[in-house]
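User: I have a structure to review before setting up some calculations. Could you take me through it?

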Amino acid sequence: MNAILSAVQLGVQNLESRRWTQAAGRVIGFDGLMLECSGFPVSLGSICEVETQIGDTVRGEIVGFSQGRNMLFLDQLGAQIEVGAWVRLVSRGNMIGVGPELLGRVIDADGQPLDDGPVPATTNRWPLHGRVMNPLKRLPVNKPLDVGVRIINAALSVGQGQRLGIIAGSGVGKSVLIEMMTRYTEADVIVIGLIGERAREVGDFVGKVMKGGTSARVCVVAVPADRSPLLRIRAANRSTAIAEYFRAQGKQVLLIMDSLTRVAHARREIGLALGEQPTSKGYPPSVVSMIPSLIERTGPGLEGEGAVTAIYTVLADGDDTNDPVVDTARAILDGHFILSRQQAQMGIYPAIDIPQSVSRVMNDITDDRHQKAAVRLRKLVSLYLENRDLMLMGGYVAGQDAELDTAIILWPRIVDFIQQSSHDPADFESSVSRLLELTGTSA
């Protein structure tokens, strides 16, 4: 009997060995970034491991095929790999572990813990690149979402399932704003993707949001700037997939991705390495197609499901709001908040440029009185800021424009209304009440 069992075990081992050999090849070329190996049956997105000169292995992802060869992008830059080294399939890479075990945890692009805890023992699986939904069967965005920020609740109301962009240059309060929204938004689950940020900022952000009662409903997926571009893209897809899973469970989910621009930069690196032709600012066509495919995975779910309210930060280098990534994101998103350097220099935080910002679903989730008050506030802020320099030079005399006179009189109250401490949440009802009082709007 023992002899029979041994023979069966040996047969299984030989079969597994044969399968392993069939899904393996040898390195043909490597330029430090892109690796080519002899072809073996594998699909795009599959994860492989490659032997190094020092005896360990590094992982990479299949990104293309060329003349019968497999092309991989490695997770670890500068690996010591020589021609002829073995390349073996590890996993197909199309499914990830999801579940409530991820809440309160900080993980990387591969789902490995970064918080010194054990590997999350997830029991459910979800496609890394999401599931296609019939757009006609998705629920509408028809309910307001309290984000805890007064000026957003009042003048740029957000709906459950809306997709928004925070467009900002450096140093105008973007990180503080998303920290406030993380802590104060009324959501069952919050998923945060920290993509391509500085390692110090990742540590600071996690330290601020993963404490108190908030941490029990937060999952952070973090990949700092010094990691492979493929890891950055994988982290963006993983954080979106986690949000999709909780939406399917009927949860109201807030997804914050900081930043969409870093994901686009990672896709640009890969596209150029694959030989794509650069277009505006060096972005290949694959970047333009990637952004909508990532964003469209969020939003409301089907009947009986929840919604993913998504907020993407978009970097405007040199305060250039006509960057290709900014333009593409603005075209597909349901609204955008532009942060103003002028207001930041005036000490007005959050530094949201109200006249240039828009929430495309606000009219669907608010009443007429609220909408009139928001339009009134937008007009007063625009009038004041457009004429501020003229007033400082003494070129304006009171009485020439009644609306501008009103804006000048109300400006201190407007500033007090906009300004909000990061430790002082403002609920939706009180924000709207203060707006109506400030603008004197009647039904």
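Predicted model: local features only at pLDDT ≥ 70, side-chain atom pairs only at ≥ 80, totals over all residues.

User: What box do the C-alpha atoms fill, and what share of the residues is buried?

Analyst: Along the principal axes, the C-alpha atoms fill a box of roughly 100 × 45 × 40 Å. Of the 443 residues, 53% are buried. Among contacts between residues at least 6 apart in sequence, 72% join residues at least 24 apart.

User: Now the barrel. In what order do its strands run?

Analyst: The barrel is closed and has six strands, in the order β1-β2-β5-β4-β3-β6, with antiparallel pairing. On average, neighbouring strands of this sheet are turned by 45 degrees against each other, direction ignored.

User: Which helix packs on that sheet?

Analyst: Helix α5, residues 229-248, packs on the sheet and touches β3 (47-51), β4 (57-66) and β5 (69-74). The direction of α5 makes about 85 degrees with that of β4.

User: How many bridges are there between β1 and β6?

Analyst: Three bridges link β1 (residues 24-30) and β6 (residues 86-91), which pair in the antiparallel sense. R26 has W86 in β6 as its bridge partner.

User: And what does β5 pair with?

Analyst: Strand β2, residues 34-38, is joined to β5 by five bridges, and the two run antiparallel. Within that pairing, L35 stands opposite L72 of β5. β4 also pairs with β5 in the antiparallel sense, over six bridges. There, G64 has M71 in β5 as its bridge partner.

User: What sits in the hairpin of β4 and β5?

Analyst: Two residues lie between the strands of that hairpin, and Q67 takes a positive phi near 50 degrees.

User: Is β5 mostly covered or mostly open?

Analyst: β5 is mostly covered, with five of its six residues buried.

User: Changing topic: which residues of α7 are buried?

Analyst: In helix α7, residues 285-295, the buried residues are S286, V287, M290, I291, L294 and I295. Seen down the helix axis, the buried residues of α7 fall within an arc of 145 degrees, so they line one face of the helix.

User: What covers them?

Analyst: The cover over the buried residues of α7 includes β12 (163-168), α5, β15 (252-258), α6 (260-273), β17 (307-315) and α8 (324-332).

User: S286 is polar, I note. What does its side chain contact?

Analyst: The side chain of S286 makes a polar contact with the side chain of R267, at 3.3 Å. S286 has a relative accessible area of 14%, and it counts as buried because that value is under 20%. Leaving aside neighbours within four places in sequence, S286 is in contact with R267, G271 and E276.

User: What about T182: buried or exposed?

Analyst: T182 is buried, with a relative accessible area of 0%. This residue lies in helix α3, residues 174-184. A polar atom of the T182 side chain lies 2.7 Å from the backbone oxygen of I178. Beyond neighbours within four places in sequence, T182 is in contact with I190, I192, F205, V209, T214, R217 and I256.

User: And Q342, where does that one sit?

Analyst: Q342 is in helix α9, residues 341-345. At 34% relative accessibility, Q342 counts as partly exposed. Not counting residues up to four places away in sequence, Q342 touches L385 and R388. Q342 and D353 are 11 residues apart in sequence and 9.0 Å apart in space, C-alpha to C-alpha.

User: Last topic, the nonpolar cores. How many residues has the largest?

Analyst: The largest nonpolar core has 64 residues. The residues with the most contacts inside that core are I151, I152, V220, L377 and I414. I414 touches L377, L380, V381 and L438, not counting residues up to four places away in sequence.

User: What lies apart from that core?

Analyst: Another core, of 44 residues, lies apart from the largest one, and its members include W126, I195, L231 and M257. In soluble globular proteins, nonpolar side chains tend to be buried together.

Key: Residues numbered from 1 in each chain as written. Heavy atoms only, no water. Pairing = 2+ DSSP bridges. Helix = DSSP H or I, 4+ residues; strand = E, 2+ residues; numbered from the N terminus. Axes fitted to C-alpha atoms, helices over the stretch in contact; angles between N-to-C directions. Contact = heavy atoms within 4.5 Å. Buried < 20%, exposed > 50% of the residue type's maximum accessible area, 1.4 Å probe, protein only. Arc of directions from axis to C-beta. Polar contact = N/O pair within 3.5 Å; in protein donor to acceptor, adjacent residues only side chain to side chain. Core = buried A, V, L, I, M, F, W, Y, C linked by side-chain atoms within 4.5 Å.
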